[in-house]
Amino acid sequence: NPLTTAAAPRWPTLAGVYEPLFVFNSIKSVQVPWLAVSHEWREGSRVLRLTTRDSVKWSDGRPFSARDVAFTFQLVRKFPALDRRGQWGFLSDVRAVDERTVDFTFQRVFIPGFDEIAAQQIVPEHIWKDLKDPVTFQNEHPVATGPFTEVNVFRDQVYELGRNPHYWQKGKPAISALRF
């Protein structure tokens with residue numbers, strides 16, 4: 001479960017399975033577009049508008065959209081135990097404007113909030129919307145956008161994640177699986 005706060009999710013849940021909107025490059029000190037390709041501050045820096053990447057698919061082949069982004073943030077709002085980044089301490093609303101655009105409305109001007117929004121792993125609405133308790137969801141068969149989404153093996157001492165058949169970065173990953 002990439003949203004759990006009960007314990008740290010297993011690596012690579014937060015990078016190899018579920019992906020964020022932007023990835024921070026600490027060498028160059030820049031945010032690298034990932035599931036989102038651009039951002040713009042509006043309304044006196046009280047609204048952050050993100051544009052999501054086109055042609056991204058979930059590992060089950062369904063299209064990824066701004067609705068999934070808005071859903072993820074609203075899910076975290078509905079279940080505060082999932083708000084690991086404390087985003088609802090500075091956000092007042094998140095809504096999809098259209099298929100590729102999402103607006104984050106802030107309670108006040110808080111530019112550092114961008115970093116917390118950018119790093120949030122996004123979950124698919126079509127899978128998570130019907131969960132009774134997403135806080136305790138085991139997520140044994142993840143549907144995600146990351147390079148490694150297929151659980152090939154999961155035993156006591158070994159687990160193996162296979163390549164996402166619908167990964168958006170063409171030709172990647174270069175290897176077929178990660179084994180731990």
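Which residue in β6 stands opposite Val47? In this predicted model, the residue of β6 that stands opposite Val47 is Thr105. That pair belongs to an open sheet of four strands, ordered β3-β4-β6-β5. An open sheet of three strands, ordered β7-β8-β9, is also present. Strands of a sheet pair through backbone hydrogen bonds, either parallel or antiparallel; the pairing is antiparallel in the four-stranded sheet and likewise antiparallel in the three-stranded one.

- The edges are formed by β3 (36–42) and β5 (91–96), each of which pairs on one side only.
- From one strand to the next, the twist averages 15°.
- Strand β4 (residues 47–52) and strand β6 (residues 101–106) run antiparallel and are joined by five bridges.

**Helix packing on the four-stranded sheet**

- Helix α2 (residues 66–78) packs on this sheet and touches β4, β5 and β6.
- The direction of helix α2 makes about 150° with that of β5.

**Three-stranded sheet**

- The order β7-β8-β9 is open, with antiparallel pairing.
- Strands β7 (148–154) and β9 (177–179) stand at the edges and have a single partner strand each, so one side of each lacks a neighbour in the sheet.
- Neighbouring strands here are turned against each other by 25° on average, direction ignored.

**Pairing of β7 with β8**

- Strand β7 pairs with strand β8 (residues 159–163) in the antiparallel sense, over five bridges.
- Glu150 has Gly162 as its bridge partner in β8.

Technical notes: Residues are numbered from 1 along each chain as its sequence is written. This is a predicted model: local features need pLDDT of at least 70, side-chain atom pairs count only at pLDDT 80 or more; totals for chains, interfaces and linings use all residues. Side-chain values use heavy atoms; hydrogens and water are left out. Two strands pair if DSSP finds at least two bridges between them. Helices (H or I, at least four residues) and strands (E, at least two) are DSSP runs, numbered from the N terminus. Axes are lines fitted to C-alpha atoms, for helices over the stretch in contact, and angles run from 0 to 180 degrees between N-to-C directions. Contact means heavy atoms within 4.5 Å.
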